[in-house]
Amino acid sequence: AVEQRCRFLAIEPPSPDRIERIVRASLRVYEDRFCNEIYGRLSPATRIRLDALLMPVPAEQDGGSASGTDDLVPAVLMRLRSDPAGPSINSLQAELVKLDLVRKLGLPKGLFAHARPHEIERYRHRVAVEAPYELRRHAEPFRLTALSAFAYLRGRSLTDGLVDLLVETIHRIGSRAERKVERELL
């Protein structure tokens, strides 16, 4: 595209290495602008809640070690990343807790209305594969944009997953009830 634009303007195109640097710089400027825009739309309270997803949580008193050291459980983000267990009431409750956590982040409505789906997915993917300590190293606008994208998409997938899990759980309960009735009739 750069070479075509240069031909259209009747100028000599730069070398391939120079084109690559120009394109990378343009992409970086675009990403910085995008992240700063999203960051600017987040309230201070939402920013704090998003950053809290990356922090290890002290273990509860009953889960502490015998050595007396402070044990840490993985960051809250790790819980949000996890998939549900098999269909059961406990799985439904665990997924509802995750959905409640995402909703309590307080992401503004329409935060990603102007973004393309593949852009949001790219940020979600970064959060899904990087360790929390690596995510904490990023600049705040990028980190919070990526966490927002993750939470936004995770909330949607949790809602869809809850519906599927509820249907499977009801089906399993119905199957058990049918088997019980059949045994009683025999």
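Glu-95 is buried in this predicted model, and Lys-98 is buried as well, and I would like to begin with this pair, whose side chains meet in a salt bridge at 2.8 Å, N to O. Because Glu-95 and Lys-98 are three residues apart in helix 5, which covers residues 89-104, about one helical turn separates them. As a general point, an α-helix has 3.6 residues a turn, so residues three or four places apart point the same way.

Helix 5 also holds Lys-104 and Asp-100, which are four residues apart, again about one turn of the helix, and their side chains form a salt bridge at 3.1 Å, N to O.

In total the structure holds eight salt bridges, and one of them, between the side chains of Arg-143 and Asp-51, has an N to O distance of 2.7 Å. This pair links distant parts of the chain, with Arg-143 in helix 8 and Asp-51 in helix 3, 92 residues apart. Are Arg-143 and Asp-51 buried or exposed? Both of these residues are buried.

Let me turn to helix 2, which has 26 residues and reaches 38 Å from its first C-alpha to its last, close to the 38 Å that would be expected at 1.5 Å a residue. Its buried residues are Ile-19, Glu-31, Phe-34, Cys-35, Ile-38 and Tyr-39, and if you look in the model for what covers them, you will find that the cover includes helix 1, helix 3, helix 6 and helix 8.

From helix 6, which runs over residues 117-129, I have picked out Val-127. With a relative accessibility of 0%, against a cut-off of under 20%, Val-127 counts as buried. Which residues is Val-127 in contact with, once its neighbours within four places in sequence are left aside? They are Leu-77, Arg-81, Leu-135, Ala-146, Leu-147 and Phe-150. For a sense of distance along this part of the chain, Val-127 and Ala-115 are 12 residues apart in sequence, and their C-alpha atoms lie 17 Å apart in space.

Now to the surface, where Phe-8, Leu-9 and Ile-11 form a nonpolar patch with about 330 Å² of accessible area together. Leu-9 sits in the loop between helix 1, residues 2-8, and helix 2, residues 16-41, and it is partly exposed, with a relative accessible area of 43%. Ala-10 is found in the loop between helix 1 and helix 2 too, and there the backbone deserves a look, for the phi of Ala-10 is near 60°, a positive value in a residue other than glycine. Ala-10 is exposed, its relative accessible area being 69%.

Finally, a word about confidence in the prediction. The mean pLDDT of the protein is 86, and 91% of its residues reach 70 or more. Over residues 61-69, however, the pLDDT is below 50, and beyond near neighbours in sequence this stretch has three contacts in the model. Where pLDDT is low, the predicted coordinates should not be read in detail.

Methods: Residues numbered from 1 in each chain as written. Predicted model: local features only at pLDDT ≥ 70, side-chain atom pairs only at ≥ 80, totals over all residues. Heavy atoms only, no water. pLDDT = per-residue confidence, 0-100. Contact = heavy atoms within 4.5 Å. Helix = DSSP H or I, 4+ residues; strand = E, 2+ residues; numbered from the N terminus. Buried < 20%, exposed > 50% of the residue type's maximum accessible area, 1.4 Å probe, protein only. Patch = residues over 30% accessible without salt bridge, like charges linked within 9 Å, V, L, I, M, F, W, Y side chains within 5 Å. Areas by Shrake-Rupley, 256 points an atom, 1.4 Å probe, with all protein chains shown as cover. Salt bridge = Lys/Arg side-chain N within 4 Å of Asp/Glu carboxyl O. Expected span 1.5 Å × (residues − 1).
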